[in-house]
Amino acid sequence: MSLLIVGSLAFDDIETPFGRSDNTLGGSSTYIALSASYFTDPIRMVGVVGSDFGDEHFALLHSKEIDTTGIQKVETGKTFRWAGRYHYDMNTRDTLDTQLNVFADFDPHVPHAYHNSKFVCLGNIDPELQLKVLDQINKPELVICDTMNFWIEGKPEALKKVLERVDVFIVNDSEARLLSGDPNLVRSARMIRNMGPKTLIIKKGEHGALLFTDNGIFAAPAFPLESIFDPTGAGDTFAGGFIGHLSRCAEINDTEMRKAVLYGSAMASFCVEKFGTERYSNLELLEIEDRYQSFLDLSHVEK
Ligand code: AMP
């Protein structure tokens with residue numbers, strides 16, 4: 001079913017203890033769209049890039065059948081840039097630089113053909129822009145939303161308005177603590193769900209993810225990998241796999257939500273195997289199903 005994705009398209013400079021990669025294609029919506037493209041169509045993107053965003057980057061998105069007519073290209077500006085450095089454990093990172101560039105004046109315009117999108121994924125961008133997108137679409141079946149500490153600290157009021165209109169909210173553990181002001185994740189989850197989203201996912205990096213719904217808590221492991229190259233985009237590809245799976249379901253219930261968390265975890269585990277979006281250039285559907293099965297096996301016990 002139709003999925004509309006809004007978020008950043010970016011060039012990233014990434015440094016890990018084991019290597020670095022500069023000018024790498026990234027951005028929240030790029031990762032979400034590439035990941036979700038394995039599950040559903042049509043996928044529609046709304047975003048903005050600068051004159052430095054070359055045809056080869058559009059070609060990658062088109063090769064996955066992603067509709068990019070909602071991406072504005074500003075010939076007088078530069079694409080959003082982000083630089084980050086990962087610590088030795090690869091679980092924590094420092095943002096070294098954020099250059100909004102064309103995002104500073106971005107006024108999202110959702111093309112008319114996208115207004116009826118059934119699923120909406122608000123990737124990590126300024127919550128005021130997330131609100132502008134929500135204002136332009138007809139009533140979607142499910143809205144999911146991601147954010148980061150940059151916006152929790154910088155635009156808390158706008159973020160709260162977004163949360164009132166969101167069905168599923170995805171954050172990592174430190175962001176959940178920051179937003180709730182409580183160090184305990186179970187209490188944080190209760191407080192955040194009271195802000196609007198009925199369903200909350202708290203990602204815990206290499207320690208997996210927790211899903212909170214009215215039916216209780218579901219815990220998914222992370223895939224135990226021997227080598228992690230670059231965790232950038234893990235959260236976004238998780239969101240892409242999660243909403244991708246839900247948007248191909250005839251009915252969304254607790255079981256499908258749990259499966260969606262495992263598909264999201266599987267997609268994140270592929271992302272970290274290579275720098276940037278590289279792993280998605282040759283990822284096969286069969287590999288995704290194999291890894292999903294491995295996730296089921298990871299915590300399966302005979303009765
Ligand atoms: P993740 O590792 O899943 O948190 O996503 C990393 C991606 O988020 C990178 O490709 C960055 O370009 C993008 N990003 C980082 N900071 C921001 C921000 N403040 N707003 C929008 N996108 C961002």
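Start by picking Val46: across from it sits Gly70 in strand 5. Strand 4 (residues 43–50) runs parallel to strand 5, with seven bridges between them. Strands here are DSSP E runs of at least two residues and helices are H or I runs of at least four, numbered from the N terminus; two strands pair if DSSP finds at least two bridges between them.

A quick note on what you're looking at: this is a predicted model, where local features need pLDDT of at least 70 and side-chain atom pairs count only at pLDDT 80 or more, while totals for chains, interfaces and linings use all residues. Residues are numbered from 1 along each chain as its sequence is written, and side-chain values use heavy atoms, leaving out hydrogens and water.

Nine strands make an open, mixed sheet in the order 5-4-1-8-9-10-11-12-13. Strand 5 (66–74) and strand 13 (216–220) are the edges, each with a single partner strand, so one side of each has no neighbour in the sheet.

Next, select strand 10 (168–172). On one hand, strand 9 (residues 142–146) pairs with strand 10 in the parallel sense over three bridges, and Asp146 stands opposite Ile170. Strand 10 also runs parallel to strand 11, joined by five bridges; click Phe169 and you'll find Leu200 opposite.

Technical notes
Contact means heavy atoms within 4.5 Å. Axes are lines fitted to C-alpha atoms, for helices over the stretch in contact, and angles run from 0 to 180 degrees between N-to-C directions.
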